[in-house]
Amino acid sequence: PVVARRVSLILTDDGTLSLETGFPAQSIKTNPLEKSSMKWIKWHSAVGRSLVQVLPRALALTCVFALFWFVSMLHWGQQASEVPSHVEVRNGSLYVNGARYFVRGVNYNPIPKGQDGKEYPYGDYFGDQYASADLGWRSWMTLYTRDTLWEGLANKFSGSMSYHEAHLQELSKTFNTIRVYHWMRSTPHSKFLDLCQKYGLKVIVTFAMDSALYPDLLDRHTLAEVLDNFRHMLRVNKGHPAILMWAISNEPNSPDTPTSFSDSLGAFFQFVDRLAEVRDDEEDCYGYHPHPMVVPMADTDGLMDQVKEYDNAKHDVWGLQVYRGDSFGDLFRTYVSRKPLLITEYGVDAYRDVISDTATLSGLHVDAQNEAAGVAYQGRALPKLAREIEAE
């Protein structure tokens, strides 16, 4: 009869197999191939046990790294995570996120010591290298001039504020809005906008447009270039909550400016209409709202006639740049549009308005007495002008 018995094979440390049955134990010597296979099995088992121990730790480290990366992206990409402000014109007034917004603003165009804005970056001192206090972003050009070598070196390796931060912090004590005249399309400005947001300042960004940049408004290639450049500016900046409005050009009607459009205002405002269409197409989508467009006009003869003639253009706000001495005179009484009025520039000339001597003015000779009188005059005139605006 056949009797079934349990048989066990045991691999010993010396590479032999022990056979355990119901009979006396026997040892079977393995051949070299079997011995190698058994050692591989033993090594593979050890590796498996090691992987079981190491993998959870590697996975944990990967999760920590991924979390660090995610937090870093939230920090450096704050603009993308912020909700853009909902800015709109309603019933002749400006609203931000549903609340009526009264602009208390200043034109902000600082130029670092030792530079004149006529060379690169051509007045665009709003790039990330000027808005960051991080050593990795600091620019030697920002902090060093021929006259301030040691000061520049000290600032380079200090933990001080960025070029703009102290300015914006001080401005925020009085103002809620700043207007910038120009920045380059190829330069990132998100860090500057982050600083403005940090200190509660809204920003009016100017789309540079004059006859030096675009000499022929009737040329289809010029039209395509203008629209592409404007779309690029919108696409890069539209999502930042610090953006308040887009300013189109600066004094396009000024007869005293060789690069203005004073002789072709009709064509200019046709361009404004096309820019508004691009704005609506680019910004009127989920999560975004079209920001208002303002056209800052020079206070020239016939200004109100121009406002009336082009009031049906698709911009949302009229900007007026008024220098009439220590009063706006009849400006507000004669304003003819139902669109909101933004005084984009105003003030007094400290010398021209107080010095009656034509020869002194033409020679640009201002002595200490005239200077003292002019500064005092400005000190009286500016608060008076501000009160006239607030009264409206």
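So, the buried residues of helix H8: in this predicted model they are Thr-222, Val-226, Leu-227, Asn-229, Phe-230, Met-233, Leu-234 and Asn-237. If you look down the axis of H8, those buried residues fall within an arc of 165°, so they line one face of the helix.

What sits on the face of H8 turned away from the buried side? There you find exposed residues, namely Arg-220, His-221, Asp-228 and Arg-235.

A quick check on the length of H8. The helix runs over residues 220-237, which is 18 residues, and at 1.5 Å a residue they should span 26 Å. The C-alpha atoms at its ends are 26 Å apart, so that agrees. And at the start of H8, have a look at Asp-219: one of its side-chain oxygens comes to within 3.1 Å of the backbone nitrogen of His-221.

Okay, on to the nonpolar core. The largest one has 60 residues, and the ones with the most contacts inside it are Leu-168, Phe-192, Met-209, Ile-248, Phe-268 and Phe-269. Which helix gives the most to this core? That's H9, residues 265-283, with nine residues.

Let's take Leu-168 from that list. Leaving out neighbours within four places in sequence, Leu-168 is in contact with Tyr-108, Ile-178, Phe-192, Leu-195, Cys-196, Tyr-199 and Leu-201. Some of those names come back in helix H7, residues 190-198, where the buried residues are Lys-191, Phe-192, Leu-193, Asp-194, Leu-195 and Cys-196. Note that a lysine and an aspartate, Lys-191 and Asp-194, are in that buried set. Just after H7 there's Gly-200, with a positive phi of about 75°.

Now Met-209, also from the core list. Its backbone oxygen lies 2.6 Å from a polar side-chain atom of Ser-249. Where is Ser-249? You'll find Ser-249 in the loop between strand S10 (243-248) and H9. Is Ser-249 buried or exposed? Its relative accessible area is 3%, so Ser-249 is buried. Not counting residues up to four places away in sequence, Ser-249 touches Arg-179, Thr-206, Phe-207, Met-209, Phe-268 and Pro-296. Of those, Met-209 and Phe-268 are also on the list of residues with the most contacts in the largest core.

Three strands make an open, antiparallel sheet in the order S4-S5-S6. S4 (87-90) and S6 (99-100) are at the edges with a single partner strand each, so one side of each has no neighbour in the sheet. Between S4 and S5, residues 93-96, the antiparallel pairing runs over four bridges, and one of the residues to look at is Val-89, whose bridge partner in S5 is Leu-94.

Then the loops. Asn-91 is in the loop between S4 and S5, and its phi is near 55°, a positive value in a residue that isn't a glycine. With 75% relative accessibility, Asn-91 counts as exposed. The next loop, between S5 and S6, holds Asn-97. Asn-97 isn't a glycine either, and has a positive phi of about 55°. Asn-97 is exposed too, at a relative accessible area of 52%, which puts it just on the exposed side of the 50% cut-off.

That's the tour. Happy to take questions.

Note on methods:
Residues are numbered from 1 along each chain as its sequence is written. This is a predicted model: local features need pLDDT of at least 70, side-chain atom pairs count only at pLDDT 80 or more; totals for chains, interfaces and linings use all residues. Side-chain values use heavy atoms; hydrogens and water are left out. Two strands pair if DSSP finds at least two bridges between them. Helices (H or I, at least four residues) and strands (E, at least two) are DSSP runs, numbered from the N terminus. Buried means under 20% relative accessible area, exposed over 50%, partly exposed in between (1.4 Å probe, protein chains only). A nonpolar core is a set of buried Ala, Val, Leu, Ile, Met, Phe, Trp, Tyr and Cys residues joined through side-chain atoms within 4.5 Å. Contact means heavy atoms within 4.5 Å. A polar contact is a pair of N or O atoms within 3.5 Å; within protein, one must be able to donate a hydrogen and the other to accept it, and residues adjacent in sequence count only if both atoms are side-chain atoms. The expected span of a helix is 1.5 Å times one less than its number of residues. The arc is that of the directions from the helix axis to the C-beta atoms.
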